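Let's take a walk through this structure together, step by step. Have a look at it first, and then we'll go through its parts.

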Amino acid sequence: MNRRDFMKISGAAAGLALIPVCNVAVAADVPLTAEDPQAKALGYVAQSTVAGSNCANCAQAKGDVKALGCNLFPGKQVSATGWCKVWSKKP
Ligand code: SF4
């Protein structure tokens with residue numbers, strides 16, 4: 001095995017070692033509720049009443065629609081149909 005092969009294998013092994021850590025972080029996300037103090041402050045609701053505006057098409061949303069995250073609520077999942085005062089259209 002030459003140095004280049006060793007580096008390729010080492011890099012792949014390091015990447016694989018991180019996958020379980022990432023999965024644990026996603027699994028630890030809990031649904032955001034309207035009772036959460038920060039959610040209350042931002043007027044978060046699980047069902048948007050503003051036509052055409054919801055978490056699924058918000059610039060702050062991240063991840064898959066089935067387990068949508070939000071930059072404002074780390075470690076929490078927001079509803080794809082949700083909304084808060086910070087909503088801005090995804091570019
Ligand atoms: S910032 Fe956007 S994605 Fe986050 S809760 Fe508000 S509307 Fe939803």
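What you see is a predicted model, where local features need pLDDT of at least 70 and side-chain atom pairs count only at pLDDT 80 or more, while totals for chains, interfaces and linings use all residues. Residues are numbered from 1 along each chain as its sequence is written.

How far can you trust the picture? The predictor's confidence in each residue is its pLDDT, from 0 to 100. The protein chain averages 83, and 69% of the residues score at least 70. (Two residues are in contact if their C-beta atoms, placed from the backbone, lie within 7 Å.) Where pLDDT is low, the predicted coordinates should not be read in detail.

Now for the inside. A residue is buried if 20 or more other C-beta atoms lie within 10 Å of its own, exposed if 12 or fewer, and partly exposed in between, with C-beta atoms placed from the backbone. By that count, 19% of the 91 residues of the protein chain are buried. The largest nonpolar core has 12 residues, among them Leu 32, Tyr 44, Trp 83 and Trp 87; such a core is a set of buried Ala, Val, Leu, Ile, Met, Phe, Trp, Tyr and Cys residues joined through C-beta atoms within 7 Å. Pick out Tyr 44: leaving aside neighbours within four places in sequence, Tyr 44 is in contact with Leu 32, Ala 34, Ala 39, Gly 82 and Cys 84.

Then there's the ligand. It is surrounded by 13 residues, and the closest are Cys 55, Cys 58, Gln 60, Cys 70 and Cys 84. To be near, a residue needs its C-beta atom, placed from the backbone, within 6 Å of the molecule.

Next, Val 45, which sits in the loop between helix H2 (37-41) and strand E2 (61-62). Is Val 45 exposed, buried or partly exposed? Val 45 is partly exposed, because 16 other C-beta atoms lie within 10 Å. Val 45 and Cys 84 are 39 residues apart along the chain, yet their C-alpha atoms are separated by 6.5 Å.

The loop between H2 and E2 also holds Gln 47. Gln 47 counts as exposed because it has 10 C-beta neighbours inside 10 Å. Finally, Pro 31 lies in strand E1 (residues 30-31). Pro 31 is exposed too, with 12 other C-beta atoms within 10 Å, and, not counting residues up to four places away in sequence, Pro 31 touches Lys 76 and Gln 77.

Note on methods:
Helices (H or I, at least four residues) and strands (E, at least two) are DSSP runs, numbered from the N terminus.
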